[in-house]
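Hi there,

Here is the structure I promised to pass on to you. Have a look at it first, and then read my notes below.

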Amino acid sequence: MTRFRILYFAQTRKAAGVRSEEITLDGTPTVSLVVEKAIELHPPLRKLRDGMRVAVNEEVVSDAEIVRDGDRVALIPPIVGG
Amino acid sequence: MRPLRSCVTQKKIIPAEVLESVHDNSAGGVVLFLGTVRNRNEGRAVIGLEYETYHEMAEKRLAEVEKEARARWRVKRITMIHREGRLRVGEVSVAVAVSSEHRAEAFEAARFAIDRIKTSAPIWKREVLKGGKKLWVDGVPIQR
C-alpha cells in the first residue's frame, strides 16, 4: 500500500474540485497510474492530460517514476508566469 | 530590515529594493527587468490578473534558475521576485535584477532568468476582464 497526496493547481484544481487529497493505492504505483487514478476520480481532468506534467516532491518527473509513501504528487497544467 | 531575497510573494514589488538587493561594489553593471500587468491582451480589455502559484516549488525553481545562470555567466548577485494573488493594471508582477562586472553578462543573465522563469516555474494566471469575467491565460507545459 502506498499513501500519498495529490495536489491540484489552476485548471487541474478547477477540474478536480479540490486543492489536494490523500490517496492510497496498492503496491508501488507509477506516476502514470496515479494520474489515471486522479482522472478516474475526477473525469474533467482527462481533457487536460496532454499539457499536464507531474511533479513529485516539487521535481518534474517522467510518467514511469515510482510514487512512494508520503510523496506530494502535483498535477501541473501548462504554466504561464511572468 | 531583512535583505530582499528571491521569492514568490503576495507583497508589492518595490523596484528600488530589488535593485538595492543586487548592489555589489565589484559590479560595473546592473540590469533590472520588470514585468507589468498590461491593460489589453489579444484584444480583450483587462483590468487585472490573478496569479496562482505552487509556492514551494516555484521558490525552488527560482533557486534553480539562479544556479543555471551562475553556471553560464559570471554574475555577482541575482534577485528574482514573482507576485502571487490579485494584481491591477500597471503593477509589477515579476522582477529580475542582475549585477555583474560588465554589462553583457548582466543583460544576458537577466534575459535568461526571466525566460527560464516563464518555462519552469509553476505559476498560472487568470485575466480579470471588464465586467468581472475571469479567463485562464494559455500556458506551456512546464520544463524541468
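This is a predicted model: local features need pLDDT of at least 70, side-chain atom pairs count only at pLDDT 80 or more; totals for chains, interfaces and linings use all residues.

Let me start with the overall build. Chain A holds 2 helices and 5 strands, and along the sequence they come in the pattern β-α-β-α-β-β-β. The C-alpha trace of chain A spans about 35 × 25 × 20 Å along its principal axes. Its radius of gyration is 12 Å, which agrees with the value near 12 Å that a compact globule of 82 residues would have. Of the 82 residues in chain A, 38% are buried. If you take the contacts in chain A between residues at least 6 apart in sequence, 58% of them join residues at least 24 apart.

Now to the sheet. The 5 strands of chain A form an open, mixed sheet, ordered β2-β1-β5-β3-β4. The edges are taken by β2 (20-25) and β4 (59-61) of chain A; each has a single partner strand, so one side of each is left without a neighbour in the sheet. On average, neighbouring strands are turned by 35 degrees against each other, direction ignored. Further in, β3 (residues 53-56) and β5 (residues 72-76) of chain A pair in the antiparallel sense over 4 bridges. V56(A) has V73(A) in β5(A) as its bridge partner.

Finally, the contact between the chains: 16 residues come from chain A and 25 residues from chain B. On the chain A side, α1 (10-16), β3 and β5 each give two or more residues. By class, that side has 10 nonpolar, 4 polar and 2 charged residues.

Notes: Residues are numbered from 1 along each chain as its sequence is written. Chains are lettered from A and ligands numbered from 1 in the order in which they are written. Two strands pair if DSSP finds at least two bridges between them. Axes are lines fitted to C-alpha atoms, for helices over the stretch in contact, and angles run from 0 to 180 degrees between N-to-C directions. Two residues are in contact if their C-beta atoms, placed from the backbone, lie within 7 Å. Ala, Val, Leu, Ile, Met, Phe, Trp, Tyr, Cys and Pro count as nonpolar, Asp, Glu, Lys and Arg as charged, and the others, Gly among them, as polar. The radius of gyration is taken over C-alpha atoms; the globule rule is 2.2 Å times the number of residues to the power 0.38. A residue is buried if 20 or more other C-beta atoms lie within 10 Å of its own, exposed if 12 or fewer, and partly exposed in between; C-beta atoms are placed from the backbone.
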